[in-house]
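Me: I would like to learn how to read a protein structure. Please begin with the terms that are needed.

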Amino acid sequence: MFFTAILRTLIGEDITVELKNDLSIRGRLEAVDQYLNVRLAQVQVHTAAAPPVLQLLHGSCTVRGSCIRYIHLPVEKVDTELLQEATRRVAAATKETQTMK
Amino acid sequence: MSFTVGKGQLEEPVELLRIALDERVFVKLKGDRELVGTLHAYDQHLNLIISDAEETLQKAELDEETYEQIVRQERRKLQLVYVRGDTVFLVSPLLRHTGTFL
Amino acid sequence: MSDALVDDLDKRVLVYLRDGRFFLGYLRSFDQYGNLTLEDATERVVVNDEAFADIPRGLQVFRGENVVLFGAVDSEQRELEFLRKLRRVTEEEIRRMEQAVAEDHAALRRRERLEWPAFDDGAL
């Protein structure tokens with residue numbers, strides 16, 4: 001759930017989702033779930049040779065997490081030091097629970 | 001950057017990544033892609049958050065007449081990306097100053 | 001799929017599948033795996049940005065793992081604008097056109113094949 005929490009801090013921001021088939025979709029992040037499925041508002045297809053049918057999308061769309069390669073994040077909205085600290089904490093906690101098992 | 005493998009220090013491969021936080025890493029991805037960037041977050045699935053990255057994509061073309069394979073590299077800069085773990089083959093910390101892989 | 005991600009129940013949606021197909025229809029249900037059911041579904045095939053065919057598919061169930069994305073298409077104006085630019089053809093005709101395009105692509109891919117192919121074919 002760690003990365004779900006990270007991405008949730010960006011709800012409301014404009015992001016670009018790049019799919020594994022090279023399609024790029026830009027939109028405002030509305031929701032993220034535990035599988036890192038992502039819901040975007042005001043979607044725009046950002047790839048030149050994308051299938052034209054995608055232009056029919058109007059408003060929001062839901063993208064399946066397993067089809068995503070990258071999510072391009074707004075650098076000014078992310079505190080990378082905080083990310084590192086959080087990662088260390090989560091890694092320590094995970095190690096803790098594993099040692100206890 | 002130094003570490004000891006074994007009890008008390010590094011027990012699992014993923015723990016190597018903890019040492020690599022805020023350091024430059026090399027990432028090999030499916031689809032003949034490679035990234036070099038600064039690692040800011042990771043999890044057990046190898047989902048990553050990387051900044052100041054350069055992505056290299058290897059593209060090969062076969063010349064129809066000469067049957068020669070022409071390899072082209074496409075590069076682009078990525079300021080801050082989340083990388084989905086299921087596309088990651090490997091992550092390797094780059095040694096400081098030398099740019100060599102561990 | 002969690003509730004936060006599906007806001008489109010009973011709306012007309014576009015579903016994009018991993019095999020590249022597009023379906024339009026009314027979203028009637030979904031579950032935690034992202035399986036979807038569409039009522040009054042139509043498969044819309046567009047070839048060469050020039051011709052399209054709408055193939056009626058009735059009630060369709062999509063297995064979640066095969067879905068890339070889905071979203072509402074609730075602007076009639078957009079759809080009309082879109083269809084106006086294309087020539088409607090029959091299912092047979094569009095399949096013939098697809099076949100021709102596929103043959104061209106196969107020839108192109110033969111030229112681009114790497115010596116050591118990746119573990120998967122680079123697609124989804």
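Reply: Buried means under 20% relative accessible area, exposed over 50%, and partly exposed in between (1.4 Å probe, protein chains only). Helices (H or I, at least four residues) and strands (E, at least two) are DSSP runs, numbered from the N terminus. This is a predicted model, in which local features need pLDDT of at least 70, side-chain atom pairs count only at pLDDT 80 or more, and totals for chains, interfaces and linings use all residues. Residues are numbered from 1 along each chain as its sequence is written, chains are lettered from A in the order in which they are written, and side-chain values use heavy atoms, without hydrogens and water.

Me: Which residues are buried in helix α1 of chain C?

Reply: In α1 (residues 76–84) of chain C, the buried residues are C:Glu79, C:Phe82 and C:Leu83. They lie on the same side of α1(C) because they cover an arc of only 95° around the axis, taken from the directions from the helix axis to the C-beta atoms. On the other side, C:Gln77, C:Leu80 and C:Arg84 are exposed.

Me: Against what do the buried residues of α1(C) pack?

Reply: Contact means heavy atoms within 4.5 Å. Here the buried residues pack against β1 (12–17), β2 (22–30), β3 (36–47) and β4 (51–62) of chain C.

Me: How many salt bridges are counted between chain A and chain C?

Reply: A salt bridge is a side-chain nitrogen of Lys or Arg within 4 Å of a carboxyl oxygen of Asp or Glu. The count between these chains is one: the side chains of A:Arg39 and C:Asp8 meet at 3.2 Å, N to O.
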